[in-house]
Amino acid sequence: TFVLVPPSTHDTAAYELWLSTGNASNDFFGDLASATFRMDVHEGQTLIIPAGWIYASYTPQSTLVVGGTFVDCLHVESQVTAYRHLVKA
C-alpha cells in the first residue's frame, strides 16, 4: 500500500517542516497534507510515481520491492526541484 501526495507548494513546505522537526517517526505526514491518495499494489503490478510526488509505503509482511528512478526530458525541472527539497531537509 502506498500513500501518495501530489506536489504543491503547501505540501512541499509542510513536508520539509515535518522532516526537520524530528517527529517524523511519531507523526503521520498524510495527516498534514492537503490531499492524499491510497494505492494498493499487488503481486506482479508496477507503480510509477510522477516526479515531485511525496510517498510512503506500508508493507505489513515480507515483501520484495524493486525501485528505481528515471528522468525524462519532459520532467527534469520537477526532478531537480524534488532533489533540492530533499537536500534542504
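The protein has two helices and three strands, where helices (H or I, at least four residues) and strands (E, at least two) are DSSP runs, numbered from the N terminus. Read from the N terminus on, these elements follow the order β-α-β-β-α. This is a predicted model, in which local features need pLDDT of at least 70 and side-chain atom pairs count only at pLDDT 80 or more, while totals for chains, interfaces and linings use all residues. Residues are numbered from 1 along each chain as its sequence is written, and side-chain values use heavy atoms, with hydrogens and water left out.

Taken along the principal axes, the C-alpha atoms of the protein fill a box of roughly 35 × 35 × 20 Å. With contact meaning heavy atoms within 4.5 Å, 72% of the contacts between residues at least 6 apart in sequence join residues at least 24 apart.

The three strands form an open sheet in the order E2-E1-E3, with antiparallel pairing. Because E2 and E3 stand at the edges, each with a single partner strand, one side of each is left without a neighbour in the sheet. On average, and with direction ignored, neighbouring strands of this sheet are turned by 20 degrees against each other; the axes behind such angles are lines fitted to C-alpha atoms, for helices over the stretch in contact, and angles run from 0 to 180 degrees between N-to-C directions. Strands of a sheet pair through backbone hydrogen bonds, either parallel or antiparallel, and two strands are taken to pair here if DSSP finds at least two bridges between them. Strand E1 (residues 2-5) is joined to strand E2 (residues 37-39) by three bridges in an antiparallel arrangement, and in this pairing Val3 stands opposite Arg38. Four bridges link E1 with strand E3 (residues 54-57), again in the antiparallel sense, and there Leu4 faces Tyr55 as its opposite residue.

Helix H1 (residues 9-21) includes Leu17, and Asp11 and Glu16 also lie in H1. Which of these residues are buried, and which exposed? Buried means under 20% relative accessible area, exposed over 50%, and partly exposed in between (1.4 Å probe, protein chains only). Asp11 counts as buried because its relative accessibility is 1%, and, leaving aside its neighbours within four places in sequence, Asp11 is in contact with Val5, Pro6, Phe29, Leu32, Ala33, Ser34, Ala35 and Ile54. Leu17, by contrast, counts as exposed because its relative accessibility is 54%. From C-alpha to C-alpha, Leu17 and Asp40 are 27 Å apart in space, and they are 23 residues apart in sequence.

For the protein as a whole, buried residues make up 15% of the 89 residues. The accessible surface comes to about 7000 Å², of which 56% belongs to carbon and sulfur atoms; accessible areas come from the Shrake-Rupley method with a 1.4 Å probe, and for residues only the protein chains shown count as cover. On this surface, Val71, Val76 and Val80 make a nonpolar patch of about 210 Å². Val80 belongs to helix H2 (residues 76-88), and Val80 is partly exposed, with a relative accessible area of 34%. Patches are made of residues with over 30% relative accessible area and no salt bridge, with like charges joined within 9 Å and nonpolar side chains (Val, Leu, Ile, Met, Phe, Trp, Tyr) within 5 Å. A salt bridge, in turn, is a side-chain nitrogen of Lys or Arg within 4 Å of a carboxyl oxygen of Asp or Glu.
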